[in-house]
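Please keep the sequence and the structure side by side as you read.

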Amino acid sequence: MKMGNYSAVTEFLLVGLSQYPELQNFLFVLCLIMYKIILLGNSLLIIISILDPRLHTPMYFFLGNLSFLDICYTSSTIPQMLIIFMSEIKSISFLGCALQMVISLGLGCTECILLAVMAYDRYVAICNPLRYPIIMNKVLYMHLAVWSWAIGCMNSLVQTVMTMVLPFCGNNVIDHLTCEILALLKLVCSDISMNVLILTVASVVLLVVPLLLIFVSYIFILSSILRINSAEGRKKAFSTCSAHLTVVILFYGSALFMYTKPKSKNTKVSDEIIGLSYGVITPMLNPIIYSLRNKEVKEALKKILKRHLHLTKI
């Protein structure tokens, strides 16, 4: 295709759900409330894990990373989305779109790897409890966290650069709420077979492989729990990984439902809302799940609240 008659794209128009202004007003209020809960809940979890010495363990170190990741992920999309909901101007700059894509995609990939790392941590803690402090030492869990972030961000950078250098031939209307990579590839007016191939390979490596590792880890964990003689011991062992398992089911369940659900014009609105829920509800529920299902977090929270109340009385 000849591209000489087309001007370079300098901005994109995000028109997802723009034909439903009343729905946008409702989603604006809902997303604003949920975003505040995300910031408060995840920030509180990070502060608790730092202030309480009992939580200076690999599990809570990874949990702090997950909370920080959720804050950054939602902050890369929700503020811009709120502006689009309430503004007549639905545009985002070319650079802003690329930045949003590289951050959200990178953090999404990092979370997949991080959840697999957390499953390995639970596997070692339950299947090899006596050797846990030796195996999951500070050097190892720091390296696991760093590599999770590095791999996710490197993949995102490569995917984003490969997408944004392609010609759009003047097409700049994205029928989506955010700069999502698949939505942008639909606007490209040249061959995208290489992009699709690399995206598919990356999805298998960074989505399917971590899911398989989590599955295998929990097979061994379940086997070890069932070999524990006392019911109290089994309950205690399962409680240490139930929160993580709930988050994994929520994260992968919503992701698989969103990407495997048959799409058509008749389900366009529901697909947009499901995608929005995937990016907002999961980060909001993560700190709630870990707080409700974790005795150490609840005790640490009570301790901090008592200390705060004592200081205010003074």
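Axes here are lines fitted to C-alpha atoms, for helices over the stretch in contact, and angles run from 0 to 180 degrees between N-to-C directions. Helices (H or I, at least four residues) and strands (E, at least two) are DSSP runs, numbered from the N terminus. This is a predicted model, in which local features need pLDDT of at least 70 and side-chain atom pairs count only at pLDDT 80 or more, while totals for chains, interfaces and linings use all residues. Residues are numbered from 1 along each chain as its sequence is written, and side-chain values use heavy atoms, with hydrogens and water left out.

With that in hand, look at helix α2 (residues 58-75) and helix α4 (residues 94-127), whose axes lie 10 Å apart and meet at an angle of about 165°. That makes α2 roughly antiparallel to α4 (angles under 35 degrees count as roughly parallel, over 145 as roughly antiparallel, 65 to 115 as roughly perpendicular and the rest as oblique). The crossing of α2 past α4 is left-handed, meaning that the near helix is turned anticlockwise from the far one by less than a right angle, whereas clockwise would be right-handed.

Which residues of α2 meet α4? Among them are Phe62, Leu66, Leu69 and Tyr73, and the α4 residues they face include Leu107, Thr110, Leu114 and Met118; contact means heavy atoms within 4.5 Å. By class, the residues of the contact of α2 with α4 divide into 14 nonpolar, four polar and four charged. Here Ala, Val, Leu, Ile, Met, Phe, Trp, Tyr, Cys and Pro count as nonpolar, Asp, Glu, Lys and Arg as charged, and the others, Gly among them, as polar.

Helix α4 also packs against helix α6 (residues 138-164), at an angle of about 145° and with the axes 7 Å apart. This crossing of α4 and α6 is right-handed. The contact of α4 with α6 has 18 nonpolar, nine polar and no charged residues.

Is Thr110 buried or exposed? Thr110 is buried, because its relative accessible area is 0% (buried means under 20%, exposed over 50%, partly exposed in between, with a 1.4 Å probe and protein chains only). Not counting residues up to four places away in sequence, Thr110 touches Leu69, Ser148, Trp149, Gly152 and Cys153.

Leu39 is partly exposed, at a relative accessible area of 29%, while Gln24 counts as buried at 4%. Leaving aside residues up to four places away in sequence, Leu39 touches Ile71 and Ser75. Gln24, with neighbours within four places set aside, is in contact with Gly16, Leu17, Ser18, Phe85 and Lys90.

Now step back to the chain. There are 11 helices and three strands, and of the 314 residues 43% count as buried. Among contacts between residues at least 6 apart in sequence, 79% join residues at least 24 apart.

Finally, an unreviewed UniProt entry carries the annotation "transmembrane region" for several stretches, including residues 60-86 and 92-118. In the model, the end C-alpha atoms of residues 60-86 lie 38 Å apart, and the span is 93% helix and 0% strand.

Technical notes
UniProt positions renumbered as here; feature names shortened; annotations may be inferred.
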